[in-house]
Amino acid sequence: MNQHNLNVDNEFFPSKEHIEPGLTALFLQQAERYPDHAAIISSERTLSYAQVMERAKSGAASLLRVGITNEEPVAILLLPGSEYIICELAVLLAGGTCVPLNPALPDNRLNMMLQEVHARLTVTEAAFEQRPLSTRFIKLASLPGAQPEDITLPETGVKHRSHVLFTSGTTGRPKGVEIEAGGIIRLVVNTCFMQIGRDDRVACIANPTFDASLIEVWGALLNGASLVLIAKETLLDPMLLEAVLENQAISFMLMTTSLFNFMAPRCPHAFRSLNYLLVGGETFNPHVLKMIPADEWPNHIVNAYGPTEGTTITLYHTIAAADLSTDEIPIGKPINNTEVYILDNDKHPVAEDATGEIYIGGDGLARGYVNQPELTGQKFVLAQLGENDLPTRLYASGDLGRRRRDGAIMYAGRRDNQIKLQGYRIEVEDIETQLLKSGLLLAAVACVVKKPGAESYLAAFVVPVSPVNFNHAFLSHWLKQRLPAYMLPRLHVVGSIPLNENGKADRAALADSQETAPASAEPAGEVESALLNIWQRVLDVRHATLEDEFFLLGGTSLQAARLVLEIKRRFAVRLSIQALYDAQTPRNLIGLLTQPADKTNDICTILLLDSRLPQDIAPLPSPPREWLDSDAGRVFLTGATGYTGAFVLRDLLLRPEVRQVFCLVRAGDNEKAMLRIQQNLTQYGLWNQAFSQRITALAGDIGRPRLGLDREQYRRLAAECDIIFHTASHISFIESYQSHRQANVTGVINILRLAVATTAKPLHYISTIAVTGPAGLLFPVDRLFEEDDISPYLAGMEYTLGYIQSKWVAERLLCQARERGVPLAIYRPGFMMADSKTGAGNPDDFMGRLIKGCINTGAYPLLPGDRKEFVTVDYVCAVLLAIASDNRRLGHIYHLIPPDEDQSISFNAFFELFEQCGYSLSPLPYKQWIQRLYDDPDLYSNPLMPLLPMLSEEVYDNLTVWETFKNLPRYDTGQTQAALAGNDAPKFTQTDRVLLARYLSYMKKIGFLE
């Protein structure tokens, strides 16, 4: 091989004889090795390797009975899903060739494809079997009917034609690319650019007709990994996709550049759970990657390049931080068993750094185009690369590139992506490249817009990094300095680039949007004028525009609350503070004021979707052992740096049976994690130096797959710990559900996975007595029992805090796990204000802020019917450990509140105690109390200032979030008292003058109160 061949040779990669078995043989090996391991995971079900193998073999037997022959093309006309994948396997096991078809295509187009490959058989479902297509339909439901025992499945190898994938053709005739099994195997087995193993979860997002699906499906199934199917609607919702990636512990994902450009700025944290993220299909923009913090990158992010004719990926470049200092990212070097050359028009290698056409060879090379020998001859050519070399068969990609000194290839556009305008030939990639080099844009797409009766023109659709600060004139000037006048486009700012079926930029849709656009914008109407007037008054700006951004104008939480109130008065529309924060500009707010609510974003719908437990969480066959046995005593604890977790940790370490406590802490390393634990216990007077010998601090993150631990740490933890106490929680009284989702919902899913990994471990989860939200708001409820279903309280979740919403979802997930047999218990404590002995409390929690805020203003709100169900933190911990000490008490929910209803104190009675402790506070009706806060000259130093949006925003029938908790039901404690009966039950300390005085003394001691 001569010096121009860029093939990567390494002894690590297997020689051809080592990968001679075909796709089906390699899949069957994995199915025999891991029969019970999850092969395909969808929202509806999980199929093991054994189940997929059995169903695929049955389908193959059915196809053989109808006379399928070797490499016979069998069309598959199904919606994407697990059945599609099983059908592909069945066709291959029967010796056929898969021809994926998209049901969304028109009948004429589908008939052209069927006729192109001469497909006499098409597997479909009832919804499509009446379509007028030139083929014999085989209903999917009939495939598993035959028993495979009496059928011998044919053997196929690496040269077997496994797929025909259609790409668009310039003549309007679709091109069917013939893919061989060996090309796919070299793509996903023992590759140089990625590693997939049994513990991986591969996201499946590509349409089966798109060549990206080959790396997803076979990357999982040939390596014993799990394939997780993600619906298309999820891909278009960045927040939902982020949650799915985390909840399903996705470790490998391939996405188009356009989809990455869409996701990264909206959810920069979405990819941090991934081991590999492959991005390809279009030019990679380094400025988009800069929007993701370096510590939130996937372990590996790869810029991937390759046409279908080279079987999906030909070149790769693993991106490093140093790449971001340049304007262009290489498309890289060849993957294993792949050859790439840069040739001139005479098919001779060009000099280093010279531009030429990219030619591709090696094991990934397709056979050609099915039944199109002339086109195959034009694109798949023989090239004499050296005087003494034999001719080499190569694919002429039509892409231009240049090879750097280090061997990496840089993309330089398309030979055939030229347009002719005003007599000039123009490369649209050149325009796009210059736009992206400005550093102002996330994405840019150039195309020609043709309007009837008007002259065609160049248009560039751009997505700014910062829409509010975007300088149109600067970008125009930038282009004028770099492009000739005939190449300058009209700039159109868009929120995002639309994607086609394959996830690439939909240039036609962009051009159409301009062809049908009105000639000029409508003048500002009454709504715009009224909203701008409110905006000017509240934010105190002289000249307001529709593009003003709330935060960039210095908007505060108080001004946010005022804006919401003013908008409600003027437009009679209730907006949440979060809706304002999300909209940010008057223009975006107008959409909320003038259009019906988008039900797809309804919070109750989101909560229901999030409360579906992943199918892979299931109990182990053996029950958990008693964790206090002499050979056990190893505890896993979350939340050790929080208030409750500190006391739980102290009480655990005071028990001699507890040998070791593993504490998960968000920190840079284990040493810093240990320091955070020590500092937290010290501030509450709990630290004992002897504790350090039995604490193992683990730097991690509850919201990340494997809890943010490396594989070996996680494996050891799963095998060694005997019990889990999950006290960690993100608590904010102003942040949305989305802000709580990762820690409180994804965190619970991750903890459940740990509980059923390797050995069974009982899980004890700390919830909240407020998990049902404003339970008496929408319908009367006298008493809530511990085992009552919380589902009926979903409707009230619309009017409560994001924190409570997240707890409702978490409990729903845990109850589903309990129904499946996962050993767990749920504890719902009341409000833990203080330690009964020392008065130690958390100055930064809601009650700490409220007490200081009320003392500062000399008043407290009257809230008839509201109770906080005050309990001391040491009582909660004692009850928790007493119940958890016996595994027979698993499987239940416990209310940790005052055991006697007479010991429960109302909110108003609580504040009356302050008079006895030396503080004179005036009781005020709630609205007057809020006004007292607004009128406080020291409002900005009042600890209640950050909570004003929650305190003042009316959410239901003129009631604020806090006021909706009137008419609270009584919470039954029968199950808790029964579990404590017969033991030395913990002593309950009632909230009275003595306890309050102890709490206030502690707050003065630490300097929180004067």
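Visitor: Hi! Where is the place of proline 986?
Guide: Proline 986 lies in the loop between α30 (974-980) and α31 (993-1005). Helices here are DSSP runs of H or I with at least four residues, strands are runs of E with at least two, and both are numbered from the N terminus. Residues are numbered from 1 along each chain as its sequence is written. This is a predicted model, where local features need pLDDT of at least 70 and side-chain atom pairs count only at pLDDT 80 or more, while totals for chains, interfaces and linings use all residues; side-chain values use heavy atoms, with hydrogens and water left out.

Visitor: What does proline 986 touch, leaving out residues up to four places away in sequence?
Guide: Tyr875, Ala878, Val879 and Leu980. Contact means heavy atoms within 4.5 Å.

Visitor: On to sheets. What order do the seven strands of the open sheet take?
Guide: The order is β28-β27-β26-β29-β30-β32-β36, with parallel pairing. Two strands pair if DSSP finds at least two bridges between them. The edges are β28 (695-699) and β36 (893-896), each pairing on one side only. Ignoring direction, neighbouring strands are turned by 20° against each other on average; axes are lines fitted to C-alpha atoms, for helices over the stretch in contact, and angles run from 0 to 180 degrees between N-to-C directions.

Visitor: How many bridges join β27 to β28?
Guide: Five, and β27 (residues 660-665) runs parallel to β28. Cysteine 663 faces alanine 697 of β28 across that pairing. Helix α21 (residues 670-683) packs on the sheet, touching β27 and β28, and its direction makes about 120° with that of β28.

Visitor: And β26, why is it described as largely enclosed?
Guide: Five of the five residues of β26 (residues 634-638) are buried, so the strand is largely enclosed by the rest of the structure. Arg634, Phe636 and Thr638 are buried on one side, with Val635 and Leu637 buried on the other. β26 runs parallel to β27, joined by five bridges, and valine 635 stands opposite valine 661 in β27.

Visitor: What about histidine 726, buried or exposed?
Guide: Histidine 726 is buried, with a relative accessible area of 2%. You'll find it in strand β29 (residues 723-726). Setting aside neighbours within four places in sequence, its contacts include Thr638, Ile702, Val748 and Tyr765. Histidine 726 and valine 748 are 8.3 Å apart in space, C-alpha to C-alpha, and 22 residues apart in sequence.

Visitor: Now helix pairs. At what angle do α5 and α6 pack?
Guide: About 70°, with the axes of α5 (residues 181-188) and α6 (residues 212-221) 9 Å apart. That makes α5 roughly perpendicular to α6; angles under 35 degrees count as roughly parallel, over 145 as roughly antiparallel, 65 to 115 as roughly perpendicular and the rest as oblique. Ile184, Leu187 and Val188 of α5 meet Leu214, Ile215, Trp218 and Gly219 of α6. This contact has six nonpolar, one polar and no charged residues. Ala, Val, Leu, Ile, Met, Phe, Trp, Tyr, Cys and Pro count as nonpolar, Asp, Glu, Lys and Arg as charged, and the others, Gly among them, as polar.

Visitor: How many residues of α6 are buried?
Guide: 10 of its 10, leaving α6 mostly covered. Glu216 is one of them.

Visitor: Last one: how do α19 and α23 cross?
Guide: The axes of α19 (residues 603-610) and α23 (residues 737-755) come within 13 Å and cross at roughly 15°. That makes α19 roughly parallel to α23. Their crossing is right-handed, meaning that the near helix is turned clockwise from the far one by less than a right angle, with anticlockwise being left-handed. Ile603, Ile606, Leu607 and Asp610 in α19 meet Tyr737, Gln738, Arg741 and Val745 in α23. By class, that gives five nonpolar, one polar and two charged residues.

How values were computed: Buried < 20%, exposed > 50% of the residue type's maximum accessible area, 1.4 Å probe, protein only.
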